[in-house]
Amino acid sequence: MTGKAKPKKHTAKEIAAKVDAAMTNRGGGKAGVADRTGQEKGGHAKYECPHCKITAPDVKTMQIHHESKHPKIPYDESKITNLHAVLAPVADTSKPRPGIRGSLKK
């Protein structure tokens, strides 16, 4: 006597979550390489640690990283590499910027 409490196969909320997960740029794979490395403006990896080459989105985060991972070395903001200034090509406005919501396909 089963069947009364049997749930539907897929709810609208579950399907919408799957569509959102499939269509949104999460920054992974080949599509997110430029975003992770900071090669294009708008990427998340803006600053690079001079000691271990790890990246951070802003100076405050880099300072927190430096204090926790390199406590014996004094923090010097001038040694931090700005990847957007070094690696980024001349701004091309026709290209979509990484880190912004992905595909508009539905």
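Is Thr61 buried, exposed or partly exposed? In this predicted model, Thr61 is partly exposed, because its relative accessible area is 34%, and the views below place this residue among other parts of the protein chain.

**View 1. The protein chain as a whole, with its four helices and three strands.** Read from the N terminus, the elements follow one another in the order α-α-β-β-α-β-α. The chain has 106 residues, of which 20% are buried, and its accessible surface comes to about 8,500 Å², with 59% of that surface belonging to carbon and sulfur atoms. Among the contacts with a separation of 6 or more, 49% are made by residues 24 or more positions apart.

**View 2. Confidence along the protein chain, which averages a pLDDT of 77.** A score of at least 70 is reached by 64% of the residues. Among the elements, helix H2 (residues 33-37) has the lowest mean pLDDT, at 66, whereas H3 has the highest, at 93. Where pLDDT is low, the predicted coordinates should not be read in detail.

**View 3. The open sheet of three strands, arranged in the order S2-S1-S3.** The pairing within this sheet is antiparallel, and strand S2 (55-56) and strand S3 (81-82) are its edge strands, each of them pairing on one side only. Two bridges join strand S1 (residues 47-48) to S3 in the antiparallel sense, and Glu48 stands opposite Thr81 in S3.

**View 4. Ala56 in strand S2.** Ala56 counts as buried because its relative accessibility is 4%, which lies under the 20% limit for buried residues. Ala56 and Ala45 are eleven residues apart along the chain, and their C-alpha atoms are separated by 5.3 Å.

**View 5. Lys53 in the loop between S1 and S2.** The phi angle of Lys53 is near 65°, a positive value in a residue other than glycine. Most residues other than glycine have a negative phi. Lys53 counts as exposed, since its relative accessibility is 52% and exposed residues are those over 50%.

**View 6. The largest nonpolar core, made up of five residues.** The members of this core are Tyr47, Cys49, Ala56, Met62 and Ile80.

**View 7. His66 in helix H3 (residues 59-69).** His66 counts as buried because its relative accessibility is 5%. The side chains of His66 and His51 are joined by a polar contact of 3.4 Å. Leaving aside neighbours within four places in sequence, the residues in contact with His66 are His51, Pro71, Ile73, Pro74 and Tyr75.

**View 8. Thr61, the residue of the opening question, in helix H3.** Thr61 and Tyr47 are 14 residues apart in sequence, and the distance between them in space is 9.3 Å, C-alpha to C-alpha.

Definitions and conventions
Residues are numbered from 1 along each chain as its sequence is written. This is a predicted model: local features need pLDDT of at least 70, side-chain atom pairs count only at pLDDT 80 or more; totals for chains, interfaces and linings use all residues. Side-chain values use heavy atoms; hydrogens and water are left out. Buried means under 20% relative accessible area, exposed over 50%, partly exposed in between (1.4 Å probe, protein chains only). Contact means heavy atoms within 4.5 Å. Accessible areas come from the Shrake-Rupley method with a 1.4 Å probe; for residues, only the protein chains shown count as cover. A polar contact is a pair of N or O atoms within 3.5 Å; within protein, one must be able to donate a hydrogen and the other to accept it, and residues adjacent in sequence count only if both atoms are side-chain atoms. pLDDT is the predictor's confidence in each residue, from 0 to 100. A nonpolar core is a set of buried Ala, Val, Leu, Ile, Met, Phe, Trp, Tyr and Cys residues joined through side-chain atoms within 4.5 Å. Two strands pair if DSSP finds at least two bridges between them.
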